[in-house]
Amino acid sequence: MFEDLLSAAFVVLNWKTLISISAGTIVGLMIGAIPGLSATMGMALLSPFTFFVEPLVGIPFLIGLFKGGTFGGSVSAILIGTPGTAANAATLLDGYEMCKKGRAGEAILGALHASLVGDFFGTIALIFGAPTLALIAIKFGPHEFFALILFSLTMICYVSGRSLAKGVLAATLGVLFALIGTDPLGGTPRLTFGLSDLQGGLNVIALVTGLFGITEVLIQMESFGSRAKDKVVSAEVNLGGIRVQLKAVYLHLRTIIRSSFIGTFIGALPGIGSETSPWVAYGLAKRASKEPEKFGQGSFDGVVAPEAANNAVCGAAMIPMLVFGIPGDIVTAILMSALIAQGLQPGPFLIAEHRDVIYGLFMSVLFATFALYIFGRLTLRWWIRILVIPRPLLYSTIVAFCVVGTYSVHSSVFDLAVMFVFGVIGYAFRKLDIALAPMLLSFVLAKILEESLRRGLIHSDGNLLAFFERPIAATILCLTVIVLIAFAVLEWRKRFSQPKNETR
Amino acid sequence: MSIGRLLEGALAISALVVGALLFFYSPELVRGWAFTIPGTTDVALEPAFFPRLSAVLICASSLILLITMPMRSDPLPANETSKEAYKKVGAGLAGILIYLVCILYIGFVVSTVFFIVGASVVGGYNNWKAVISTAVLVAVGLRLIFRYGLHVKLPEGFLF
């Protein structure tokens, strides 16, 4: 393994890959820093660009973007109290308070140091965890895959929204959209209504761009014309001293390492990812702190804990995607589409069949960690300028990116229509507080779910009980049932413990 | 009942109807043959098998949403959005739709320049110099990157 890693390091150490990682990181930092834009949206917009270059140039760009975007979100959270991404929401609590006290530079740099450590933990988990897990995954048959995907969908439904019922409905609608196209076993057209454009199914990039790109543009359009929102940051934002003593970081190292472990563990579970881990890390840091009353008032621990956790997710979330072909969150779903477009089908045999490329990707993930630190540190003062880009200009430009990104995949006008329709659906869902993640992830997973279920039934002569006769599948299915019951009970308790607060 | 809750109910009912239609009409919608071993694997091999299963799930989840609706008290973003904001979104949607149609007929570059300039100015940003230069740079830059860098031809229409 170490030999593979060493030779992969030499493969990756070429100017094309290094430029690609650097460019991805810088673009990610920029995108993450702008409120409303996230790593997810950046990946959706820019992943089609990577389809036309070699895997070890295109995918490292996306990895850099993922990491940069995850950290970049903390900049706007700290400077203007608006998290660039949902993953940085917990950073806002203490980061913005530090900014108000003239310690914004210290907070951002602290977040960067924590991100570096967290990122490193996640990357190490990926490099050593994925090949080991792949050895187990090879033994998985259709029954086990079906059980695992079902489990992932259950987790996704719960963590992606405030209402379990809405999450489940979004997920089932995602399955419905995935049915359009061709039957994966028989190869017959299905739900195409005679349209030849639908025979290949809905294009996942069009769907993602619509749901995340166009929807966000529409949300931002609501506040177009209101001057207060057009200029999101005033000139008087003060970074303060951009210096963090290493001793200060050392004093908070326990929090950073604990949070990195939390982020790595949660990230490796399919479905939960970067939105949950920062809150868990923040809560535990507060509980472990000798001065819990300082949390929410500008505590340094309150900034480093969520940042270490959300960046630890980046590497760890790639484990289920690469080994089982099950994306843990939307970003890894897009990354999976990019891998498939490059002819690399994620699954148990990916590492064995494409050893050079996958170890090259592992090394890219590691290099991206250092690129994040270097570019994050060097470009710190740019971010205030980025925050003043006028929104109407920015978001109309994003529409143009959505169009070229979607069109370029198949040179299809039909895909543009799909993008538009899903933009409208995404907007309606956001207004009804229905999470978009379950829909997209079930859309991606539905084909594998169907194939494994039907293959499993064929293997067992149509006997559904066979899924409970295989130990791994049975364990995962039982876990799924337990998780579902636990979620339902929690949801029920939450409903009855909450006062009615709807005003209109 | 708030407008948001009404829309939520409408969505659940629509999903229920779609699920029911899919369940009953799957065999008609899913045309094709299935190689079957009667009595054993025929059900699993039918192309309509999974659509029917999904239809059951859609119906069940929309029913759960409908039943639990009166119990839900969380504020919906739809209720907090003003009519003015919806009008802006409507105008934005119309603008994007016109832009998509224009791309086909007058080409990507010209449509993109018009769209960015139009959307920025209507959106309240009137710095013409910045708007026009950004629009031209984005439209021409993207076209050149795709045409010569990635070898993808963007729609040209009767202009370019």
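Here are a few questions and answers about this predicted model.

Q: Is I358(A) buried or exposed?
A: Start with where this residue sits: I358(A) is part of helix 18 of chain A, which covers residues 355–378. A residue counts as buried once 20 or more other C-beta atoms lie within 10 Å of its own. I358(A) has 23 of them within 10 Å, so it is buried.

Q: Leaving aside its neighbours within four places in sequence, which residues is I358(A) in contact with?
A: Being in contact takes C-beta atoms that lie within 7 Å. With those neighbours within four places set aside, the residues in contact with I358(A) are L350(A) and I351(A).

Q: How many Å apart in space are I358(A) and D4(A), C-alpha to C-alpha?
A: Along the sequence, I358(A) and D4(A) are 354 residues apart.

Q: Which helix of chain A do the buried residues of helix 6 of chain B pack against?
A: Helix 6 of chain B runs over residues 108–122, and its buried residues include F108(B), F115(B) and I116(B). In chain B itself, the buried residues pack against helix 5 and helix 7. From chain A, the partner is helix 20.

Q: Which element gives the most residues to the side of chain A that touches chain B?
A: Between the chains, 59 residues of chain A are in contact with 69 of chain B. Elements giving two or more residues to chain A's side include helix 8, helix 9 and helix 22. The one that gives the most, with 10 residues, is helix 20 of chain A.

Note on methods:
Residues numbered from 1 in each chain as written. Chains lettered and ligands numbered in written order. Predicted model: local features only at pLDDT ≥ 70, side-chain atom pairs only at ≥ 80, totals over all residues. Helix = DSSP H or I, 4+ residues; strand = E, 2+ residues; numbered from the N terminus. Buried ≥ 20, exposed ≤ 12 C-beta atoms within 10 Å, placed from the backbone. Contact = placed C-beta atoms within 7 Å. Expected span 1.5 Å × (residues − 1).
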